[in-house]
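Please keep the sequence and the 3D view open while reading.

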Amino acid sequence: MAKKLFIETLGCAMNSRDTEHMIAELSEKEDYEVCENFAEADLILINTCSVRERPVHKLFSELGVFNKKKKADAKIGVCGCTASHLGDEIIKRAPYVSFVLGARNVSKITEVLHKDKAVEIDINYDESEFAFKDFRSSPYKAYINISIGCDKQCTFCIVPKTRGDEISIPDNLIIAEAQKAVDAGAREVFLLGQNVNNYGRRFSGDNEKVNFTELLRRLSRIEGLERIRFTSPHPFHMDDEFIEEFASNPKICKSMHMPLQSGSSQVLKEMKRGYTKEWFLNRVEKLRAECPEVSISTDIIVAFPGESDEDFLDTLDVVKRVGFDQIFSFKYSPRPQTEAEHFTNTVDPDVASARLTELQELSTQIIDAKNAKLLGKVFRVYFEDLNQDYYVSGRSDNNIVIKVKGSDELLGTFRDVKITAIGRTILTGEIVA
Ligand code: SAH
Ligand code: F3S
């Protein structure tokens with residue numbers, strides 16, 4: 001009988017893909033199958049995130065619960081970014097943990113499984129050409145890693161310390177993976193990397209140096225593939241050629257994530273983001289000129305050390321001028337092994353909370369006003385999820401989440417949907433064609 005695997009995934013889309021890779025390896029090589037209840041599992045994995053402090057605190061309390069209620073002989077493994085940055089400290093603090101596997105070492109999951117107290121966290125380990133076994137949590141959309149690690153050194157960010165230097169996965173492997181997913185019925189691919197439009201900067205082997213724009217062109221030649229999405233591009237690398245390809249290639253979904261972080265050029269400099277407020281606004285202008293229907297989302301950090309009231313006003317100014325369709329906003333959280341950890345000009349926590357609230361209120365107003373205009377409009381939706389109460393949901397090309405009454409027959413199909421009701425995160429519609 002198959003052994004049971006419970007796996008909890010925190011953090012970003014790359015972690016979700018790492019989880020799929022680990023499930024694939026474990027099911028093919030070790031005969032595991034996924035279960036929903038950790039108390040029944042033979043192996044419990046937690047795929048962690050360390051980008052902000054809170055999830056790291058949560059890890060140890062969760063591990064305690066797993067240990068108390070797990071089956072007597074079940075193993076617990078800690079994987080992902082917190083595994084990379086805390087290493088054997090995890091086993092010191094929680095001695096019942098069987099192994100620790102870093103974000104850049106997931107291909108070794110079946111090895112560490114058999115080595116008690118193994119700690120595999122080499123951030124320079126090269127997995128870029130590893131042939132992972134095949135597992136996808138959705139048959140409709142294929143997540144595909146195109147690069148691992150990150151070469152930037154944003155002063156707030158722990159990722160380069162947990163995922164190591166940037167290496168691109170050879171384009172022929174990416175294209176073969178996309179082709180396989182399309183052959184299995186997926187119509188959409190979602191390309192993943194910490195800095196996708198820096199793709200091609202470094203390959204580990206002797207591979208052809210293809211840049212991101214060329215990779216997009218090559219992928220879009222796959223017959224039967226209808227939608228290409230990606231995250232995250234970096235505003236610094238948004239050159240004209242990339243924006244023009246984005247706008248003119250009909251297979252590329254017209255939704256762009258542009259992580260702003262701050263609207264103040266001074267704060268951006270302290271963050272070592274490599275662009276200014278003006279450059280960011282110029283890129284948005286170019287993007288909107290080439291592609292008026294584009295929706296733009298962003299990430300913003302408030303209260304970075306030294307952020308003055310004026311700096312924060314610059315952030316609000318960019319938010320108003322761009323009118324983002326979605327904002328992921330965070331209070332700055334000091335992280336170990338980052339440059340900003342040592343910055344002493346910290347912002348008062350009450351001021352930080354007030355700024356976050358103000359930013360989120362502004363963003364909500366903008367989004368509500370945009371959504372109100374969508375009533376009666378028609379969007380082409382690719383249905384992917386079966387929801388409760390006989391609803392099926394999917395996304396428009398420009399990333400609006402839309403649900404309609406219907407059954408699983410709609411899954412994996414494209415339909416024209418007219419919007420009949422507005423909600424903040426999901427719109428309701430009816431199929432018109
Ligand atoms: N390369 C990715 C960033 C990964 S981290 C990208 O460019 O999108 C995801 C987001 O977490 C970042 O964009 C940033 O807004 C936020 N973040 C990263 N480090 C943080 C920190 N120390 N405090 C608060 N938010 C942080
Ligand atoms: Fe982090 Fe900056 Fe890279 S936010 S992941 S160091 S682009």
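This is a predicted model: local features need pLDDT of at least 70, side-chain atom pairs count only at pLDDT 80 or more; totals for chains, interfaces and linings use all residues.

A residue is called buried when its relative accessible area is under 20% and exposed when that area is over 50%, with partly exposed used for the values in between.

Strand β11 is mostly covered, since 5 of its 5 residues are buried. From this strand R227, R229 and T231 point one way, while I228 and F230 point the other way, and all of them are buried.

Which strands make up the sheet that contains β11? It is an open sheet of 3 strands, in the order β7-β10-β11, and the pairing is parallel. Its edge strands are β7 (141-145) and β11 (227-231), each of which pairs on one side only. On average, and with direction ignored, neighbouring strands of this sheet are turned by 20° against each other. In general, the strands of a sheet pair through backbone hydrogen bonds, and they do so in either a parallel or an antiparallel manner.

Strand β10 (residues 188-192) is joined to β11 by 5 bridges, and the two run parallel. Along this pairing E188 stands opposite R227 in β11, and the bridge partner of F190 in β11 is R229. Together with helix α8 (residues 212-219), the strands β10 and β11 make a right-handed β-α-β unit. Another helix, α1 (residues 13-30), lies across β7 and β10 and runs at about 100° to β7.

A second open sheet, also described here by its order, consists of 3 strands arranged as β12-β13-β14 with parallel pairing. Because β12 (255-257) and β14 (326-331) stand at the edges with a single partner strand each, one side of each is left without a neighbour in the sheet. Neighbouring strands of this sheet are turned by 10° against each other on average, again with direction ignored. Strand β13 (residues 295-302) is joined to β14 by 6 bridges, and these strands run parallel; within this pairing, the bridge partner of V302 in β14 is K331. Helix α13 (residues 349-372) lies across β13 and β14, running at about 175° to β14.

Ligand 2 is surrounded by C150, K152, C154, F156, C157, V159, P160, Q194, H234 and R273. The residues of this shell divide into 6 nonpolar, 2 polar and 2 charged.

Most residues other than glycine have a negative phi, and most peptide bonds are trans. Where does a cis peptide bond occur? One joins T231 and S232, with an omega of about -5°, and S232 lies in the loop between β11 and α9 (240-248).

| Residue | Phi | Loop between | Relative accessible area |
|---|---|---|---|
| K117 | about 65° | α5 (109-112) and β6 (118-120) | 36% |
| Y390 | about 60° | β15 (378-386) and β16 (391-396) | 67% |

Are these two residues buried or exposed? K117 is partly exposed, because its relative accessible area of 36% falls between the two cut-offs, whereas Y390 is exposed, because its value of 67% is over 50%.

Terms used. Residues are numbered from 1 along each chain as its sequence is written. Chains are lettered from A and ligands numbered from 1 in the order in which they are written. Side-chain values use heavy atoms; hydrogens and water are left out. Two strands pair if DSSP finds at least two bridges between them. Helices (H or I, at least four residues) and strands (E, at least two) are DSSP runs, numbered from the N terminus. Axes are lines fitted to C-alpha atoms, for helices over the stretch in contact, and angles run from 0 to 180 degrees between N-to-C directions. Contact means heavy atoms within 4.5 Å. Buried means under 20% relative accessible area, exposed over 50%, partly exposed in between (1.4 Å probe, protein chains only). A crossover is right-handed if, with the strands pointing away from the viewer, the path from the first strand over the helix to the second runs clockwise. A residue is near a molecule or strand if one of its heavy atoms lies within 4 Å of it. Ala, Val, Leu, Ile, Met, Phe, Trp, Tyr, Cys and Pro count as nonpolar, Asp, Glu, Lys and Arg as charged, and the others, Gly among them, as polar.
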